[in-house]
Amino acid sequence: MILSSPTFHFATWLSLILTDTRRIRLGMPVGKTLPNGTCQQKDIVPNTKDINQIQNAVSSDVVTSKSYQTTNTLLESDNFIQDPGEKSTNALILFSSGFGPYQPNNIIFPQHSGRKFRPEWYSSFPWIEYSPSSNSAFCFYCRAFPSNTSDPTFVSVGFKQWSKASYKSFPQHEKSFGYKEASAKLAGYKSSKKSGSIISKVNTHHQQIVADNRAYLKCILDSLLYCARQGIAVRGHREDEDSSNKGNFLELLTLRANDNDIIQRYFIEKEKTFRYVSGNYTNTFLEYLANIVIKNIIDNVIAAGIFSIIVDETQDLSRHEQVAIIIRYATKDLSPAEVFLGFYETETTDGETLSMLIKSTFVSHGLKIENIRGQCYDGAASMRGSYKGVQARIREENHLAMYIHCNAHILNLCLIDLAKQVSYVRNVFGTLNTLHNFIGASSKRHTIFEKMYSVLNVSTCDGPKTLKSLSDTRWSCRLDALKAVLLNFQTVVSTLEDISENDAVYGSDANALLKSINTFEFLFCIYFLKNIMLLTNVLSKYLQSSSIIYSNVQSMAKVTIQELCNMRCEESFNNTWNEVDILRKQYNVSSPILPRKQKIPAKLGGGLKEVENTIINKHYKINIYFAVLDNIINDMGERFEENNLYVLNCMQDILLNDMPNNNSFKEINKMYGFDEDNLKAETTILNRMYKTVHDQNNVQSKINFIASENYKAGFPTLTRLIQLFITVPTNSASCERSFSCLRRLKTYLRTTMGQSRLNSLGILQIERERSSLIDKDEVIDKFSAAAECRGRRLLLQ
């Protein structure tokens, strides 16, 4: 539409559009040159904006008086628009807009055959309308709703025989079938404007059904998500109507039906024949929910650009090897994030199989091997092997994927070595394990332990009240076992004494254990080892954090080793000796003695081996105290040196020191292709800015400074270096935590769970924060889109 005059009024434009829209509906050509030349329309269809305004204008039954009068005034000035004598058939649109028959009064009616039109007919025949241009009368009703039975004289030709009008032609027209049909259509149209048409009512009903169906599915998804996030079983053993316990999912829906009308109608009253609560549907819903979480994770990883992988494997209760894959990346605020990618079943755990599993998983999620910057595994040969291990096979395709041996596993290996290499420590842990098994294996003996605990009124504060078992895979169990025996020492002794006196079968075993623990040597060892384990346990818990970085690990390990070195002195030994002696007197333990002299074999000459240290406390100091400390200090120093990588030290040097070594910049440029000059300049400026507001100087503080002050745009090269430094993993504790989740999910009663269901439940529970933000409508849309393979279904669109 082309407007040639700035004074063109909206009402006139609306009337023109109304006319053309009617023509379009009837298949008539669009295009009319106005007599005054104000507007020229071509044979085009009005655009979407025009049609929307027309629909808004015709939506109400009666327009407001002001707009009616304004538009009516303009229509009277341009009579051809409402004049029924014009060829454009626009009666229906005018009626929809609130206009009635065109009945002008203040005009001169010309004569025809000696007669002329009389205005009094307007009141006698309200359907009549007059055309000044053709001096003829028309039927507004028939023009608005024409049919095959309509009289063309009153629709398109025009009636002019005024002599027969009032007593013959007009009354006959009112009795005609075409007029009655048009009147009925007009009455129906008015009714539909008030109460809504059949189509609109059907559409409203359809929308209500869809809304109810989607609301019901959201209730299903909420209940499933609750069970998944809480790690509880979804299905029950028997789920038929006669079962008293149908499982957590169905029982939860039954409970929610008490205050949820949708669930009451669909699930309890079975308003629909299908409820979507069977095993196949719950598996489908869980898969859709988990896929949305994974998609969110992958989008974040891809946005980060680079990432690291953390992989570990374990055996579930079904004796299947489960591989947990964790991805570590740097978020936008330069903080590390470790996310769970899923459990994957494998038949073998050799390096080739595991590496192929990792690669295929990345391909399925759209991740690229060349974007890996670090890989962290435990010390298994299939993972860390230099030639055929997983880390070696990954590095064959991406030499930038540096391998990090899990620092938490390194510390645990140090403690395992300590318990094996020093005979005194080995004997103590062996006694602790035997003691736990002896008392815990029998409910009768454990009852005696509990009785002695209550009789002696032992106050252990926040310590353990029962004996703890030992395990090489539970990192803090050694400290718990030592504290349990030390704090409940009197209870343990009294229990063994009671069993030794009253139990004819196991009395001898209790007596042997009693002689083993009721010695100064045992008491000294558990007290001394407890002090060592307190220090290493702090480091162990710190190394299990997913948010720590390389510099934190190195500094924490060095501080722990230094504290152990500080314990290796005369003063520290004397303090330990005196404290143990106080406990000896409190528990009535025998005084310390030297070990018996060892016999020399007869073939070597026979006799007794001389004791090197004849002073008791000197024997404990050299052969136990210093020996244990020397062993763990040397072992930790050697094992943690494995992860002391030169390239990471170069990164730390650049991020930490005010004047980094030039070789550090060269090494980073050589390995990762960073611009050396830009990195030097950005480091110099950042250090100067940082020193003006901060006194402490550590890597984490500088990272927080850049992220909090939003300096990332000003230091792009340095930000990339920080992102790389953060992305490098330090431990595989996240995999160990996922195995704890695996044990909660795949219990003894759920060993037949399928791999897909297990993986979905694991993702939804481990990634609890992400699963709580799932858009249920997105899940329902995916479910609806895949409905063709399921036959009958609820209306969801």
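By class, the lining of the largest pocket holds 5 nonpolar, 5 polar and 8 charged residues. Here Ala, Val, Leu, Ile, Met, Phe, Trp, Tyr, Cys and Pro count as nonpolar, Asp, Glu, Lys and Arg as charged, and the others, Gly among them, as polar. A pocket is an open set of points on a 1 Å grid over the protein atoms alone, where a 1.4 Å probe fits, with protein on both sides within 12 Å along at least five of seven lines; lining residues have an atom within 4 Å of a point.

This is a predicted model: local features need pLDDT of at least 70, side-chain atom pairs count only at pLDDT 80 or more, and totals for chains, interfaces and linings use all residues. Residues are numbered from 1 along each chain as its sequence is written, and side-chain values use heavy atoms, with hydrogens and water left out.

Of the 18 residues lining the largest pocket, T473, E736, F739, S740 and R743 lie nearest its centre. α33 gives the largest share of that lining, 7 residues.

The second largest pocket is also lined by 18 residues, with E338, V339, I766, E767 and R768 nearest its centre. α33 again gives the largest share, 5 residues. This lining divides into 7 nonpolar, 4 polar and 7 charged residues.

Now the cores, meaning sets of buried (under 20% relative accessible area, 1.4 Å probe, protein chains only) Ala, Val, Leu, Ile, Met, Phe, Trp, Tyr and Cys residues joined through side-chain atoms within 4.5 Å. The largest nonpolar core has 184 residues, and F362, F524, I668 and L718 have the most contacts inside it. Apart from it lies another core of 26 residues, including F125 and Y179.

Conventions:
Buried means under 20% relative accessible area, exposed over 50%, partly exposed in between (1.4 Å probe, protein chains only). Helices (H or I, at least four residues) and strands (E, at least two) are DSSP runs, numbered from the N terminus.
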